[in-house]
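Please walk through this structure with me, one residue and one element at a time. The sequence and model come next, and the explanation follows.

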Amino acid sequence: MAAPRQGLIERLPKVRGEYIADAPLAPIAWFRVGGAAETLYRPADADDLAGFLANKPRDIPITLFGSGSNVLVRDGGIPGVVIRLTSAFRQSRIEWQGDSAHVHVGAGAADITVARLCRDSGVGGLEFLVGVPGTIGGALRMNAGAYGREMAHVMLQAEAFDFLGARQRLSPQNMGFSYRHSNAPDDWIFVSAILQGHREDPETIAKAMAEIESNREDSQPLRTRTGGSTFTNPPGMKAWQLIDQAGCRGLRRGGAIVSEKHCNFLINTGGASAADLEGLGEEVRRRVKQETGVTLEWEIRRIGRHGTGQASLGGLEGGDS
Ligand SMILES: Cc1cc2nc3c(=O)[nH]c(=O)nc-3n(C[C@H](O)[C@H](O)[C@H](O)COP(=O)(O)OP(=O)(O)OC[C@H]3O[C@@H](n4cnc5c(N)ncnc54)[C@H](O)[C@@H]3O)c2cc1C
């Protein structure tokens, strides 16, 4: 990690939240790898965040970090300011209109917490959130989904701050949702959303959620250092099948391995660097292209600067080809 830019924090606006210089991100990223944020900013609340965005110098790059379940932070860390939403952005409440529920959620709320609140309150339709690690903000950005449902099916409205701190309201149409993607401008920060649910028996919801959790347990390497699905499924195909076909199941690079259980997952077995994981992913893409002619696209967002000298010296091992 390069030394923090001279006086970065001094150049930033006064806020009620917290600035932390050279803040390690590996401990909070699911892969447990990567360098530090040059400066981490934890806004006190939405007004604090808006003031920060309106008054920050324009040349400073801003990166939003949710719960880090879909990002690979590179070894050289992230320049500029990394924003992490705090508990002020985790409020949730349910508003009933007859049998229709409007679930108001903060973008910092964990998907699983929202799912459980809905279960306990008899709100059906959002069960899939129990299967998506991460925050509501990350789920909006990624159009996260599972078992045939995704954010595009349930979002009624989202609220974001633009790069200048102006509050913007987005309808599902404005979000431009497609598979694991939203077209909302990359530098907008979601702060809250309203999700649609319906009245349902809590026991029915609990059963559906238990089924999702047990399916995931059977098919995904959950208690590992991973970033979930590495590549998006190409239209009409499954990424894991292409990876399997290319003989990459179990392929290793340094401390990184292609999961034996679900070969669209990369795992840090303990000593991997971000360069090991990214290099392994690129090798999988190369082999899949060579074997099947299909170019896999990364679903995991690789962010920050490459490190110097952190790539594993070890070459590739394992796999069938
Ligand atoms: C074990 C495992 C299983 C997974 N299974 C699934 C699955 O079944 N379905 C699925 O869809 N995904 C899955 N994922 C991927 C991941 O959980 C989702 O993409 C999740 O929505 C990411 O949320 P996050 O808060 O962790 O975002 P992060 O990973 O921190 O960030 C992801 C992107 O969202 C942006 N972002 C985050 N918060 C905000 C915000 N408030 N405003 C604007 N942008 C923001 C970030 O800048 C980044 O570009 C899985 C991941 C893991 C580790």
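Start at phenylalanine 31, which touches Leu72, Arg225, Thr226, Gly227, Asn268 and Leu277, leaving out residues up to four places away in sequence. Contact here means that the C-beta atoms of two residues, placed from the backbone, lie within 7 Å. This is a predicted model: local features need pLDDT of at least 70, side-chain atom pairs count only at pLDDT 80 or more, and totals for chains, interfaces and linings use all residues. Residues are numbered from 1 along each chain as its sequence is written.

Phenylalanine 31 sits in the loop between strand S1 (18–24) and S2. Helices (H or I, at least four residues) and strands (E, at least two) are DSSP runs, numbered from the N terminus. Is phenylalanine 31 buried or exposed? Phenylalanine 31 is buried, because 23 other C-beta atoms lie within 10 Å. The cut-offs are 20 or more other C-beta atoms within 10 Å for buried, 12 or fewer for exposed, and partly exposed in between, with C-beta atoms placed from the backbone. Isoleucine 267 is 236 residues away from phenylalanine 31 in sequence, yet the two are 7.3 Å apart in space, C-alpha to C-alpha.

Now take the domains. The domain assignment of the chain gives domain 1 (8–87), domain 2 (90–217) and domain 3 (221–312). Such bounds come from an automatic or database domain assignment. The centres of domain 1 and domain 3, taken over C-alpha atoms, are separated by 26 Å. In the contact between them, 18 residues of domain 1 meet 20 residues of domain 3. On the side of domain 1 that touches domain 3, strand S4 (71–73) and strand S5 (78–84) are the elements that give two or more residues. S4 gives the most, with 3 residues. The residues of this side divide into 8 nonpolar, 7 polar and 3 charged. In this count Ala, Val, Leu, Ile, Met, Phe, Trp, Tyr, Cys and Pro are nonpolar, Asp, Glu, Lys and Arg are charged, and the others, Gly among them, are polar.

Next, the ligand. Which residues come nearest to the ligand? Of the 33 residues around the ligand, they are Gly66, Gly134, Gly137, Gly138 and Gly228. A residue counts as near when its C-beta atom, placed from the backbone, lies within 6 Å. Strand S3 (62–65), H4, strand S9 (145–146), S13 and strand S14 (225–229) each supply at least two residues of the shell. H4 has the largest share, 5 residues. By type, the shell around the ligand holds 15 nonpolar, 15 polar and 3 charged residues.

In helix H2 (residues 46–55), the buried residues are Ala46, Leu49, Phe52 and Leu53. They cover an arc of only 125° around the axis, so they are on the same side of H2. The arc is that of the directions from the helix axis to the C-beta atoms. The buried residues of H2 pack against strand S2 (36–42), strand S11 (155–161) and S13.

Helix H3 (residues 111–121) has Asp111, Val114, Ala115, Cys118 and Arg119 as its buried residues. Seen down the axis of H3, these fall within an arc of 140°, so they line one face of the helix. The partners of H3's buried residues include strand S7 (100–106), helix H4 (136–142), strand S13 (189–199) and helix H7 (202–219). After H3 comes glycine 122, whose phi is positive, near 70°.

Strand S7 holds valine 103. Valine 103 counts as buried because it has 25 C-beta neighbours inside 10 Å. Beyond four places in sequence, the contacts of valine 103 include Val114, Cys118, Leu126 and Ile194.

Of the 88 residues in the largest nonpolar core, Leu126 and Ile243 touch the most other members. Helix H9 (residues 274–292) gives the most to this core, with 6 residues. A nonpolar core is a set of buried Ala, Val, Leu, Ile, Met, Phe, Trp, Tyr and Cys residues joined through C-beta atoms within 7 Å.

End at leucine 296, in the loop between H9 and strand S18 (301–303). Leucine 296 is buried, with 25 other C-beta atoms within 10 Å. Leaving aside neighbours within four places in sequence, its contacts are Phe231, Ala239, Leu242, Arg285 and Val288.
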